[in-house]
Amino acid sequence: MFFRRVALVLVLFWPALLPCVGHAQIGADKALPMRVAPPPVVVVDVKGGIGVGTGHLIEEGLSRARSERAGLVVLRLDTPGGLVSATRDVIGAILASPVPVVVFVSPSGARAASAGTYIAYAAHVAAMAPGTHLGAATPVQMGAPPGPTPQPRRDGDKPENESGAGAMERKILNDAVAYLRSLAQLRGRNADWAEKAVREGATLTAEEAAREKVVDVLAGNLGDLLDRLDGRTVRTADAEHVLATRHARVLEVAPSWKSRLLAVITDPNVAFILLMIGVYGIIFEFWHPGFGGPGIVGAICLLVGLMALSVLPINLAGLGLLALGIGMMAAEAFTPGIGVLGLGGVVSFILGGLFLFDPAGADIDFAVAWPVVVGAAVTNALLFVGLLGMVLRVRRRKVVTGAEQMIGLEGRVVDWENGRGRIRVRGEVWSARARAPLAAGTPAR
């Protein structure tokens, strides 16, 4: 009976109650603001040595972040080091980026050694996963100093018995220290340990780096990192940004074909092989003009190899030794002797290949692998000293086939009349002519 009365009241008075319900709903809507989706996060995987291809990949990621109006760029880093020029280009792009950049040394087992340490210090936020490490930022051509760095004398002059090479090493070391300290001061990180990483090649695990205030965040994976960064304030080149990364959409940037191509051709071994193929192709085209194929392939490989050399740290002395070695091996084919020129050419070629790239331009072991150099030297020796020498010896022999071989042969006149007749040579009768009158049976050359 009670429920029937309630139902009757609702039926009779529901038009009057409807505005109240509407006002209550509007009030609830005002109390609960609409949630805005956070801007996307661009993620770039940086693996292997820092080179020209890596720099191009990072520039593509930063460009993608600007076009997508991303709120953050995450560089997932795992590197042993790389080229000095490419590292400085990457750091310059990070410092100038209007979008905050986070360097995340990940996954477990990854490292940010040498050039990776500089890049981590340059990032707006540095993060590491457990089981990773960073450091060892000493320039590779010097190595970690075996003892205390010698100090200048009180009068400001350089220490006694310090050679020119020692002074140059000191300048390189001090420049690297100042560069990393400036990045540490810019980002408010541990500048003293940065100097220690350069002078002594010091390294830190992820937990130690967080304790020493070298990195800002420890995170197990990308999702954990984005949760920990949410609400953090960072300053970029243009303004301060409050990161909104929790539940943000992640955009993975894959390397483009251009980045992959640059990474391949700027490998020292690949660049060296391209140069050799280019030289062989052009030489073969000169030996056999008209083929076209070897010349085209050689020209393309030579141009691509030279393009790679233009962005790599080249040692001109090594390049000169390569050219000298090829010249000496070619001269051995034209000059009869006991092989001194050929042997000297092989030695010069091997030394040139080993010293082709300048180690001062990289903080990792950056050179052509010795098996590649030795293989190319042996190939050159066989090509120039063996094959070319054989071709020249064959060309010097007397022709034994065709019309040319008949010059100088002796025969006998079969018949002759009015300056023309027939001559038998090696069992064959040939038509002949001469100014002098000849009689049948007369020998003729």
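Student: Which elements are included in what covers the buried residues of α2?

Tutor: The cover includes β1 (41-47), β2 (72-78), α3, β3, β11 (250-253) and α9 (257-265); helices (H or I, at least four residues) and strands (E, at least two) are DSSP runs, numbered from the N terminus. This is a predicted model, in which local features need pLDDT of at least 70 and side-chain atom pairs count only at pLDDT 80 or more, whereas totals for chains, interfaces and linings use all residues. Residues are numbered from 1 along each chain as its sequence is written, and side-chain values use heavy atoms, with hydrogens and water left out.

Student: Which residues of α2 are buried?

Tutor: They are G53, T54, G55, L57, I58, G61, L62 and A65, where buried means under 20% relative accessible area, exposed over 50% and partly exposed in between (1.4 Å probe, protein chains only).

Student: Why is S97 called buried?

Tutor: Its relative accessibility is 2%, and because the limit for buried is under 20%, S97 counts as buried. S97 sits in the loop between α3 (84-96) and β3 (101-105), and, leaving aside neighbours within four places in sequence, it is in contact (heavy atoms within 4.5 Å) with L62, H124, T236 and A237. L62 is also among the buried residues of α2.

Student: What does the side chain of S97 reach, and at what distance?

Tutor: The side chain of S97 reaches the backbone oxygen of V99 at 2.8 Å.

Student: Why does the span of α13 agree with what it should be?

Tutor: The expected span of a helix is 1.5 Å times one less than its number of residues; the 15 residues of α13 should therefore span 21 Å, and its end C-alpha atoms are 21 Å apart, which agrees. Helix α2, with 16 residues (52-67), reaches 23 Å from first C-alpha to last, close to the 22 Å expected.

Student: Which elements give two or more residues to the nonpolar patch?

Tutor: The patch is formed by L343, V347, L351, L354, F355, W370, V374, V378 and L382, with about 860 Å² of accessible area together, and α13 (340-354) and α14 (370-396) are the elements that give two or more residues. By contrast, G342, G345, V346, S348, F349, G352 and G353 of α13 are buried.

Methods
A polar contact is a pair of N or O atoms within 3.5 Å; within protein, one must be able to donate a hydrogen and the other to accept it, and residues adjacent in sequence count only if both atoms are side-chain atoms. Patches are made of residues with over 30% relative accessible area and no salt bridge: like charges are joined within 9 Å, nonpolar side chains (Val, Leu, Ile, Met, Phe, Trp, Tyr) within 5 Å. Accessible areas come from the Shrake-Rupley method with a 1.4 Å probe; for residues, only the protein chains shown count as cover. A salt bridge is a side-chain nitrogen of Lys or Arg within 4 Å of a carboxyl oxygen of Asp or Glu.
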